[in-house]
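Let's take a friendly walk through the fold. Have the model open as you read.

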Amino acid sequence: MRIKPPPIPLHVNGKDYALEVPGEAPLLYILRNDLELNGPKYGCGLGQCGACTVLIDGRAARSCVIPVQGVAGRRVTTLEGLGRKGALHVVQRAFIEEQAAQCGYCLNGMIMVTVALLRINPNPDDEQIRDALSHNLCRCGTHIEIMQAVHRAAKLMTETIEESE
């Protein structure tokens with residue numbers, strides 16, 4: 001007789017879940033297979049390419065190497081949780097406006113890392129942006145557009161804050 005694992009409490013994109021899944025399963029698999037969230041991508045499976053990046057309590061993290069039990073009770077945000085239908089997050093909007101994608105495979109990681117960066121540094125310079133994104137691989141060569149998108153997102157966030165004051 002097989003013993004069922006106890007439910008793991010997850011808080012993903014503002015919703016609470018209690019999933020009966022193996023605690024050692026990679027968070028990425030649970031997000032994609034159980035919760036049907038396809039923003040985070042399977043890239044390398046080693047936490048090196050960034051395609052699987054999510055935010056955990058606001059910090060960028062590689063979901064392919066984090067066991068789901070490691071995020072029990074923490075806030076997980078995927079690409080789908082950034083904006084709402086008809087209301088994109090400013091970083092998503094900036095990436096679209098700057099046409100910062102070709103194949104789009106790296107886009108999830110680039111956007112999630114940018115969101116995390118702009119939360120701690122609302123006006124990064126080129127070196128800080130390069131440093132933050134240096135562990136996200138893009139094979140298409142849209143690096144210039146990605147840099148422009150991060151700068152545009154920073155500007156849009158500043159304008160949004162100024163408008164609300």
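The notes below cover the basis, the sheet and the helices.

## Basis

This is a predicted model, in which local features need pLDDT of at least 70 and side-chain atom pairs count only at pLDDT 80 or more, while totals for chains, interfaces and linings use all residues. Residues are numbered from 1 along each chain as its sequence is written, and side-chain values use heavy atoms, with hydrogens and water left out.

## The sheet

Five strands make up an open, mixed sheet in the order 2-1-5-3-4. (Strands are DSSP E runs of at least two residues and helices H or I runs of at least four, numbered from the N terminus; two strands pair if DSSP finds at least two bridges between them.) At the edges sit strand 2 (15-19) and strand 4 (59-62), each pairing on one side only.

Strand 3 (residues 53-56) runs antiparallel to strand 4, joined by four bridges. Here Val 54 stands opposite Ala 61 in strand 4.

## Helices on the sheet

Helix 1 (residues 27-34) lies across strand 1 (8-12), strand 2, strand 3 and strand 5 (75-77), at about 100 degrees to strand 3. Angles run from 0 to 180 degrees between N-to-C directions, with axes fitted to C-alpha atoms, for helices over the stretch in contact.

## Helix 3 against helix 4

Helix 3 (residues 107-120) and helix 4 (residues 126-133) pack at about 130 degrees, their axes 10 Å apart. Contact (heavy atoms within 4.5 Å) involves Met 110, Val 113, Thr 114 and Leu 117 of helix 3, with Gln 128, Ile 129, Ala 132 and Leu 133 of helix 4.
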